[in-house]
Amino acid sequence: MSSTTVTTAPASTVNLSVESRKMTFDGTDPVYGDWRDDLVRDGYAVIKGAVPRERADQYADKMFALLESFGLGYDRHDPSTVHPDKLPVVNEKGMLLNYAAAHEDFVWAVRGEPGVYGAFEKVYDTKNLLVSFDAINYGFANREHLPENRPWPHQDQDPAKPGFRCLQGLVNLQPNGPDDGGLIVCKGGHRLSEQFHCDMADEEAHPGLDAGVYLADAGLEWVKPSADPGDLIVWDSRTPHYNVPTKTQQDRLAIYTCYMPVARDLLRKKDAYERRVGTTHWPNARHTGWNEAKRDGKPDHVVRTRPLNDAVLSERVFKLTGIPYIKDDVQVPVDIAGM
Ligand SMILES: [Fe+2]
C-alpha cells in the first residue's frame, strides 16, 4: 500500500459517465453461479470470508478498544460495564454515530478490504466506486441498562425511484448465529417493493395496508442470516430490513459498508471527509452527520472530533472517498481501464 494520499483537490466536479452494465434485477441478469444469484433471488446474500479471519479478529479487537479508549469505564471483559454511563453515546440500535468513529483506521481498513469493495465492483460492474462514511454497530449482550431496541422494518430507497439502485452491506466481526443480534431481512421483499408502494399510494395517513401484513400475505418471511467473522452481508436497498437484539451472551459487531458508482456532487463528500463526519449508508453525502453527540438531550461531556487513530489511505482506498474524481473545471470521462 502506498503512503497517504490525502491531497488538496480543486473545486469543481467531474462529469462522470454512467455505467450501464451493472446488475439490474429485472430478469435479465445472467446466472453467475455465486452469491449474486442469491442476491437476485432473495434480495440479500452472505459473502463468506470477504475479510480473512485473522484480520476480522484484529478489527473486532480495535472496535472494542475504541469504546475502552473513552475512559468512561467500559471493559469488554466485564458485562456489568455495558451501561450508558460507561460508554460513549451508542443509540438503541447499536449505532455509534459520532466521535469521528466512521473514520477510525480500522473502519477504513474494512472499507479497503479487496473482498469487500470487490463484491460491489462486481454488482455495479465498475471500479469507480464511492463508499459511505456510515456508522459502526455494537449489538451488545447484557442489555439490561440499555434502551430497548424495537423492531423498525424499513427499506432505504425512495419509492419514487423504483428499480435497483443501491446495494447495502455490513461486515460481520463476531460469530453470529440465528439467536445472536443483527440484521434481519424480508427474503424476496425487493421484488415486491414497487407493487407495495403502488398499492400504498392511495392510502391516507393511517394506511389500511400494514407493511408487515402485506409482506406476510405475499408469502414472504423474515430471515436472520447467520455469519462468521469476516463475512460480508449485502442487501438490495429495496429489501425490508432492521436489526434485532441478541438472545444470547454474544456481542455483535458490524461495520456498514455501502458503495455506489461515483457520481456528481463530490464536494460535499470531500467536506465530510475533511471534517471526519459520517454520512448515511448512501455514499453520496447528501446528508452528513456530526461528531458532537447528545447525551440525554444535552451536548455530551465527551467530545472527540477527530478519530482516535486516523487512517492512512492507500491510493485505491482514497479513490473511494470520491476526492480524486474532483477536477478543476475539466469534464473528464472516467476511464475504467485506467483505474
Ligand atoms: Fe436500513
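Which residues touch the most other members of the largest nonpolar core? The points below take this up after some notes on the model.

1. Basis. This is a predicted model, in which local features need pLDDT of at least 70 and side-chain atom pairs count only at pLDDT 80 or more, while totals for chains, interfaces and linings use all residues. Numbering starts from 1 along each chain as its sequence is written.

2. Confidence. The mean pLDDT (the predictor's confidence in each residue, from 0 to 100) is 88, and 87% of the residues of the protein reach 70 or more. Two stretches stay under 50: residues 1-19 and residues 328-339. Counting contacts beyond four places in sequence (a contact being two residues whose C-beta atoms, placed from the backbone, lie within 7 Å), the model has 41 for residues 1-19 and 17 for residues 328-339. Where pLDDT is low, the predicted coordinates should not be read in detail.

3. Overall make-up. The protein has 8 helices and 13 strands; these are DSSP runs numbered from the N terminus, helices being H or I of at least four residues and strands E of at least two. Of its 339 residues, 40% count as buried, meaning that 20 or more other C-beta atoms lie within 10 Å of the residue's own, with C-beta atoms placed from the backbone. Among contacts with a separation of 6 or more, 83% join residues 24 or more positions apart.

4. Core. Val 110, Leu 129, Val 171, Leu 173, Val 234 and Ile 255 touch the most other members of the largest nonpolar core, which has 79 residues. Such a core is a set of buried Ala, Val, Leu, Ile, Met, Phe, Trp, Tyr and Cys residues joined through C-beta atoms within 7 Å. Helix α2 (residues 53-69) gives the most to this core, with 6 residues. Beyond its neighbours within four places in sequence, Leu 129 has contacts that include Tyr 117, Phe 120, Tyr 259, Pro 261 and Leu 320.

5. Helix α1. In α1 (residues 35-42), the buried residues are Leu 39, Val 40 and Asp 42. They pack against β1 (44-47) and β8 (232-236). Gly 43 follows α1 and has a positive phi, near 85°.

6. An open sheet. Three strands form an open antiparallel sheet in the order β7-β6-β9, where pairing requires at least two DSSP bridges between two strands. Because β7 (222-223) and β9 (241-244) stand at the edges with a single partner strand each, one side of each has no neighbour in the sheet. Strand β6 (residues 182-186) pairs with β9 over 4 bridges, and Val 185 has His 241 of β9 as its bridge partner.

Methods:
A residue is buried if 20 or more other C-beta atoms lie within 10 Å of its own, exposed if 12 or fewer, and partly exposed in between; C-beta atoms are placed from the backbone.
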